[in-house]
Amino acid sequence: MGREGPGTGETGLEPGQLEKKTRGKLQKQICQVVLDHFEQQYTAELGDAWSGVRDVLTSPWCWQHALLLNRFSQSPGLESILAEQGYRPAFPAALPYLPAAFRCYTRTAPGRFPAQKHRPGRLKEYYLLNAASLLPVLALEVQDGEDVLDLCAAPGGKSVAILQCACPGRFHCNEYDDLRSRWLEQTIESFIPDPLINLIRVSKLDGRQIGDLQPEFYDKVLVDAPCSNDRSWLFSADPQQAVLRLLQRKELSSLQLQLLRSAVKALRPGGSLVYSTCTLSKAENSDVIDLILNSCRNVMPVDISGMARGVSQQFSFLSGTQQHELLVLPEKGRAWGPMYVAKLKKVSST
Ligand SMILES: C[S@@+](CC[C@H](N)C(=O)[O-])C[C@H]1O[C@@H](n2cnc3c(N)ncnc32)[C@H](O)[C@@H]1O
């Protein structure tokens, strides 16, 4: 395969030197105004758990990366290379609906396996991601033949993951932002072979309108909502832009609620949706879900505590959440998340 490992391959530096260099570079980039804001909010919301989470979020050199293997482009030697480098299969067979073709590798040591470049005409063999990003996809439990909508899809990691789990009847991947929509198209082209690509529709709609445009059309909807993105906000390069984002943060909840309402409309009765974000913020997580449950009588919570128990060795969860939701808290050695996941079912048309 001619692939180099994450040691000296890409940088010419030994791992220790690389860590020092990364540590020096990234430490300077923490945006103090964001950290102060999070400190106040998350101390109140998470209590004692926040300090451990903060340590991981502010230490990029201890972040981990998972590899999701592409079942449509298998490389014969890849799994032995991963085993040599300490990677192990993630997600235990304990998850009853985990398809055999779904293979994800993680290791406890930090570091990143080299990314594959886009090569026209050749499919990529793996997707690098935060392992917690797979939990919303697993919670959705897509079955072969179901009609699926990925409402906020770019850059496309979860769309690719859905196609590792099942072969939907119709698969609609939507992304509002023009540039990111092109990124989504490129991801799909890089991972999905021709006959399957024909099942996929990529659109650039405002997700808030899809419920009215396609009412009761889908069996499953993923709402991986635009959110505060705690990891990246902490490293905002422009403090003025960071302040503006923090001021506009409240508006995100309203956008998230509107996207959820649209998703509910787009679901067939009996269909289900998964809502996810990569923020710890209660206002963008449980509060949004509570609002939809309190305002839509045809929507019921779905218990995902079995899935959470099945993966509890690999992920650290906030305790005290309700059965239809989970919040992954990053901790040292299990530096996955933040990731909030909630599952709902539409029980009737109105
Ligand atoms: C968390 S990201 C999605 C990540 C993606 N699901 C993945 O796994 O690669 C949220 C996305 O929602 C998009 N977005 C923002 N507002 C939207 C809207 N009104 N309708 C649809 N997508 C929107 C953002 O541009 C962003 O790409």
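This is a predicted model: local features need pLDDT of at least 70, side-chain atom pairs count only at pLDDT 80 or more; totals for chains, interfaces and linings use all residues.

Is helix 6 enclosed or open to the outside? I counted 9 of its 9 residues as buried, so helix 6 is largely enclosed by the rest of the structure. Gly157, Lys158 and Ser159 are among the buried ones, and the list runs on through Val160, Ala161, Ile162, Leu163, Gln164 and Cys165.

I then looked at the loop between strand 5 (148–150) and helix 6, where Pro155 lies. Ala154 and Pro155 are joined by a cis peptide bond, with omega about 5 degrees.

A reminder to myself: most residues other than glycine have a negative phi, and most peptide bonds are trans. With that in mind, I noted a further cis bond, from Gly337 to Pro338, with omega near -5 degrees. Pro338 sits in the loop between strand 11 (325–328) and strand 12 (339–346).

For positive phi I wrote down two residues. Glu141 is not a glycine, yet its phi is about 50 degrees. I placed Glu141 in the loop between helix 5 (134–140) and strand 5. Asn229 has 13 other C-beta atoms within 10 Å, so I logged Asn229 as partly exposed.

**Helix 2 and its partners**

Next I checked how helix 2 (residues 32–46) packs on helix 3 (residues 49–57): the angle is about 135 degrees and the axes are 8 Å apart. That angle makes helix 2 oblique to helix 3. Tyr42, Thr43 and Leu46 of helix 2 make the contact with Ala49, Trp50 and Val53 of helix 3. The tally by class is 5 nonpolar, 1 polar and no charged residues.

What angle does helix 2 make with helix 11 (residues 239–247)? I read about 30 degrees, with the axes 8 Å apart. Helix 2 is therefore roughly parallel to helix 11. Here Val33, Val34 and His37 of helix 2 meet Pro239, Ala242, Val243 and Leu246 of helix 11. This contact has 6 nonpolar, 1 polar and no charged residues.

Asp36 is in helix 2 too. I count Asp36 as exposed because it has 11 C-beta neighbours inside 10 Å. Asp36 and Leu234 are 198 residues apart in sequence, but 9.8 Å apart from C-alpha to C-alpha.

**The nonpolar core**

Last entry: the largest nonpolar core has 94 residues. Those with the most contacts inside it are Leu67, Cys104, Val221, Val223, Ala263 and Val328. I followed up Leu67, leaving aside its neighbours within four places in sequence, and found it in contact with Leu82, Tyr87, Cys104, Tyr105, Phe113, Tyr126 and Leu128.

How values were computed: Residues are numbered from 1 along each chain as its sequence is written. Axes are lines fitted to C-alpha atoms, for helices over the stretch in contact, and angles run from 0 to 180 degrees between N-to-C directions. Helices (H or I, at least four residues) and strands (E, at least two) are DSSP runs, numbered from the N terminus. Angles under 35 degrees count as roughly parallel, over 145 as roughly antiparallel, 65 to 115 as roughly perpendicular and the rest as oblique. Two residues are in contact if their C-beta atoms, placed from the backbone, lie within 7 Å. Ala, Val, Leu, Ile, Met, Phe, Trp, Tyr, Cys and Pro count as nonpolar, Asp, Glu, Lys and Arg as charged, and the others, Gly among them, as polar. A nonpolar core is a set of buried Ala, Val, Leu, Ile, Met, Phe, Trp, Tyr and Cys residues joined through C-beta atoms within 7 Å. A residue is buried if 20 or more other C-beta atoms lie within 10 Å of its own, exposed if 12 or fewer, and partly exposed in between; C-beta atoms are placed from the backbone.
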